[in-house]
Amino acid sequence: MLQIQLTAQLDAFLLSVKASIPTNSIIGLFGASGSGKSLLIRQLAGFDQNHCQNSQIKFDQICWVNSEEGHFTPVQQRAIGYLPQSYDLFPHLNVNQNITFASNNNPDLNNKQLTDIVITALDIGELSKRKPHQLSGGQRQRVALARAILSSSQLLLLDEPFSAIGEDHLGAAMRLLKTLKEDFGRTIIIASHNRIEHAFLDDYILTLRNGSIEQSGNYREISTDIEGRFCRTSNAVNHLVAKVETYHQKYSLNQLSRGEHTLWAGESPMKNGTPIVLEIHAQDISLFVEKNTASSMLNSLPVTIVSYSELTGHQLLIKLALDDDFLTTFITKKSFEELGLTIGMSLYACFKAVSVISIKHSSKQA
Amino acid sequence: MSDYSAILVTLKLAITASFILLLLGLPLAWWLSRPAVSPVKSFFQPIVEAIVALPLVLPPTVLGFYLLIAFSPDSWLGQSWLSVTGTTLAFSFSGLVIGSLIYSLPFVIQPLQATFAAIPESTIEVAKSLGCNKVQLFKRVILPISKTGIISAFSLGFAHTLGEFGVVLMIGGNIENETRVVSIAIYDHVETLQFAQAHQLSLILILFSLALLTILYRFKNNRVGFY
């Protein structure tokens with residue numbers, strides 16, 4: 001467990017956080033700019049010591065901060081990896097020297113297997129002899145991420161780790177973090193205002209607002225809590241786990257199965273039996289009262305209405321149950337009334353195959 | 001022959017003074033370069049900065065005058081020096097070194113301070129998160145990043161001490177092999193109308209300083225700094 005009880009006054013900003021988070025998991029910090037995500041990460045790392053009052057931080061029973069007893073473990077003794085938004089690569093060292101920097105201070109961190117995995121996943125092997133000023137923004141971020149990963153044996157604190165990483169490398173970078181959790185026992189805290197990143201990575205999520213925790217819990221609960229801030233957005237996304245059945249060459253479509261239901265998704269051919277996560281934006285889902293076979297929407301799933309909540313003047317956010325999972329979508333109040341929808345009613349949730357984004361090789365929710 | 005000894009004394013003085021200045025300057029400039037977090041530091045920081053900059057604005061004769069008083073065997077400095085070493089500070093090479101330390105102080109501290117101040121606080125934080133203790137932080141991050149700045153601070157201190165005149169005149173006098181430096185020798189030659197020798201020494205000083213500064217600026221332009 002990572003136990004946090006924290007009060008820190010930074011100029012006019014008060015950070016006040018109380019949370020117990022399971023370790024060996026990926027924890028997302030979500031919130032708007034200025035909500036305190038970076039400050040919380042800095043406090044966990046052990047910076048701004050002077051500002052923290054009445055605080056206690058314990059990582060797996062090891063006390064890092066106890067302001068009553070005047071105990072404060074300095075950052076260099078916390079076995080953390082820290083990635084700030086400014087990257088801060090050392091300009092006098094090349095890429096290879098930067099990423100192996102920590103193991104020169106502490107030979108215990110020298111792990112050839114992990115180093116190889118990180119270099120491959122972040123695709124920085126070719127850059128090893130370059131100096132930071134010879135790298136692009138995205139390359140710098142990947143190198144800084146590698147350096148942070150290789151400097152920690154326990155806790156990784158990553159502040160917007162994917163903000164500059166291009167699409168080509170994003171999937172591999174995110175999967176790397178899952179590998180670190182699953183195979184190397186790391187606990188990873190990620191600050192990001194990008195819901196998609198949280199959706200793919202998080203086991204657990206804390207949403208922050210004005211320096212305080214607004215919501216905390218398992219990702220699945222938070223992401224389908226239609227009264228909560230995380231869910232209440234026009235960018236809300238859904239994630240469904242499915243399995244690849246066959247690839248139809250003729251249409252370039254993957255036929256997928258989810259329990260007894262069949263789904264269709266585009267993208268490149270995948271091996272039969274591969275578990276994948278489908279990402280469906282809430283705004284791409286339409287609701288039908290009856291099963292509609294004459295439609296261009298290839299995907300149709302039977303759902304029941306669990307709850308609904310007003311999002312804006314004309315819009316309702318609707319939570320739908322699909323077997324033991326949930327989907328969210330928006331409809332207008334007008335449609336809601338005209339279709340005579342009520343809680344518990346059975347419907348069909350339909351969406352186009354082209355609106356499905358598949359995220360490969362994920363163990364999330366599987 | 002006496003010109004040759006003047007050159008030797010000058011070089012010895014400049015090297016000694018700039019080395020000592022670098023050793024004293026590194027911690028002082030580091031302290032000055034970091035933002036003040038405590039009220040005590042924010043009170044003292046500008047005072048120390050002003051004291052460091054003072055030799056830039058004061059006439060060297062003012063510095064020399066007070067140093068001369070401080071070096072006299074009646075003062076605590078002159079007295080304790082006398083009891084420890086058995087020699088007086090005034091009109092000695094050691095006295096000249098102390099004078100040069102003060103005279104060239106801003107030329108070493110200010111470039112060092114600027115170099116250190118250019119290192120972002122977040123880079124230092126990252127170094128700590130990568131396991132650096134204080135010694136490792138300086139050895140592996142701060143000093144290598146500041147290499148160019150350290151070299152230019154040393155060179156500026158060196159070059160400035162070469163051209164020192166007023167302070168030397170006040171506290172060093174004109175003792176061959178001890179306190180007679182090039183600038184004093186030139187002054188002597190001019191006073192005794194030996195223009196040829198004055199030319200010779202002046203030219204040497206000009207060429208040497210020019211070469212030193214050229215190397216310094218070439219180096220500076222090739223620096224690897226923050227991108």
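Biologist: How many residues of chain A are in contact with how many residues of chain B?

Modeller: This is a predicted model, and in it chain A and chain B bury about 2,100 Å² between them, with 62% of that area on carbon and sulfur atoms. Counted by residues, the contact joins 24 residues of chain A to 22 residues of chain B.

Biologist: Which residue of chain A forms a salt bridge with Glu125(B)?

Modeller: Between chain A and chain B the count is one salt bridge, alongside nine residue pairs in polar contact. In the salt bridge of Glu125(B), the closest N and O atoms are 2.6 Å apart, and the partner from chain A is Arg42(A).

Biologist: Which element gives the most to the side of chain A that touches chain B?

Modeller: The elements of chain A that give two or more residues to this side are strand S7 (80-83), helix H3 (101-105) and helix H5 (137-149). The one that gives the most, with four residues, is H3(A).

Biologist: How do the residues of the side of chain A that touches chain B divide into nonpolar, polar and charged?

Modeller: On the area buried between chain A and chain B, 62% lies on carbon and sulfur atoms. By residue, the side of chain A that touches chain B divides into 12 nonpolar, eight polar and four charged.

Biologist: Which side chain of opposite charge is nearest to Arg186(A), and how far away is it?

Modeller: Arg186(A) has its place in the loop between helix H6 (167-184) and strand S9 (187-191) of chain A, where a polar atom of its side chain lies 3.0 Å from the backbone oxygen of Phe184(A). Not counting residues up to four places away in sequence, Arg186(A) touches several residues, among them Asn24(A), Leu114(A), Ser152(A) and Leu180(A). Arg186(A) is buried yet has no salt bridge, and the nearest side chain of opposite charge is that of Asp183(A), at 11 Å.

Terms used. Residues are numbered from 1 along each chain as its sequence is written. Chains are lettered from A and ligands numbered from 1 in the order in which they are written. This is a predicted model: local features need pLDDT of at least 70, side-chain atom pairs count only at pLDDT 80 or more; totals for chains, interfaces and linings use all residues. Side-chain values use heavy atoms; hydrogens and water are left out. Buried means under 20% relative accessible area, exposed over 50%, partly exposed in between (1.4 Å probe, protein chains only). Lys and Arg count as positive and Asp and Glu as negative; His and the chain ends are not counted. A salt bridge is a side-chain nitrogen of Lys or Arg within 4 Å of a carboxyl oxygen of Asp or Glu. A polar contact is a pair of N or O atoms within 3.5 Å; within protein, one must be able to donate a hydrogen and the other to accept it, and residues adjacent in sequence count only if both atoms are side-chain atoms. Contact means heavy atoms within 4.5 Å. Buried area is the accessible area (1.4 Å probe) that two parts lose on being put together, summed over both. Ala, Val, Leu, Ile, Met, Phe, Trp, Tyr, Cys and Pro count as nonpolar, Asp, Glu, Lys and Arg as charged, and the others, Gly among them, as polar.
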